[in-house]
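Please examine the sequence and the structure displayed below. The report that accompanies them is written for a reader who is new to structural description.

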Amino acid sequence: MVLAISFLEAPLKFRAPGVTLPLGLGIGRVVFAALNRVEVLFALALAACLVAGPRTTTAVVLGAAVVLVLLVQLVAVRPALTRRSDRVLAGETGPRSHAHLGYIGLEVLKVAALLAFGIVSL
C-alpha cells in the first residue's frame with residue numbers, strides 16, 4: 001500500500017488531465033488519511049504479534065522502527081503538510097514545503113524497514 005500510494009498514486013495524480021492543484025491536494029488528503037488509518041491498524045497488529053508470538057531481537061527492532069517512523073509522520077510531519085495544503089487551498093502562494101521531502105524520506109525508511117522486517121520474519 002505504501003509503495004502504491006506514496007510512490008505511484010501521489011505523483012501521478014497531478015499528471016492526469018483536468019487535475020488542478022487544489023483537486024489533487026484534496027484527493028491526496030483523503031487518500032493519505034485513509035492510508036494512515038490502515039497503517040495504524042497494521043502497526044497495532046504488528047505490535048500485538050511481536051508481543052504475543054515468537055520473535056527475534058532483530059524483528060522487534062525493525063518492527064519498532066516501522067512504528068516509530070509512522071508515528072513521526074503522523075505527529076510531526078503530517079500536521080505541517082496539512083497546514084501547508086490548507087494555505088494552498090485558501091489561495092495562498094509561497095515557497096514549497098520541506099515537510100513534503102521529509103515525509104518522502106520517512107516513507108523510504110519505512111519501506112526499507114518493512115522489507116527488512118519481512119525478510120527477517122521469513
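Predicted model: local features only at pLDDT ≥ 70, side-chain atom pairs only at ≥ 80, totals over all residues.

Residues are numbered from 1 along each chain as its sequence is written, and side-chain values use heavy atoms, with hydrogens and water left out.

**Overall fold**

The chain contains four helices and zero strands, and its pattern along the sequence is α-α-α-α. Helices (H or I, at least four residues) and strands (E, at least two) are DSSP runs, numbered from the N terminus. Along its principal axes, the C-alpha trace spans about 50 × 25 × 20 Å. The chain has 122 residues, of which 30% count as buried; buried means under 20% relative accessible area, exposed means over 50%, and partly exposed lies in between (1.4 Å probe, protein chains only). Among the contacts (heavy atoms within 4.5 Å) with a separation of 6 or more, 71% are accounted for by residues 24 or more positions apart.

**Salt bridges**

Side chains of opposite charge can pair when their charged atoms come close. A salt bridge is defined here as a side-chain nitrogen of Lys or Arg within 4 Å of a carboxyl oxygen of Asp or Glu.

| Pair | N to O distance |
|---|---|
| K13 and E9 | 3.4 Å |
| D86 and R29 | 2.7 Å |
| K110 and E107 | 2.7 Å |

K13 and E9 both belong to helix α1 (residues 2–13), where they are four residues apart, about one turn of the helix. K13 is buried at 11% relative accessibility, whereas E9 is partly exposed at 23%.

D86 forms a salt bridge with R29. Because D86 lies in helix α3 (residues 57–89) and R29 in helix α2 (residues 21–52), this pair ties together parts that are 57 residues apart in sequence. D86 is partly exposed, with a relative accessible area of 38%, and R29 is partly exposed at 29%.

K110 and E107 lie three residues apart in helix α4 (residues 98–121), a separation of about one helical turn. K110 is buried at 2% relative accessibility, and E107 is buried at 1%. These two residues and E39 are linked in a network of salt bridges. E39 is located in helix α2 and is buried, with a relative accessibility of 8%. Not counting residues up to four places away in sequence, E39 touches V2, L70 and K110.

**Helix α1**

The buried residues of α1 are V2, I5, S6, A10 and K13. Seen down the helix axis, the buried residues of α1 fall within an arc of 105°, so they line one face of the helix; the arc is that of the directions from the helix axis to the C-beta atoms. The buried residues of α1 pack against α2 and α4. K13, which forms the salt bridge with E9, is one of the buried residues of α1.
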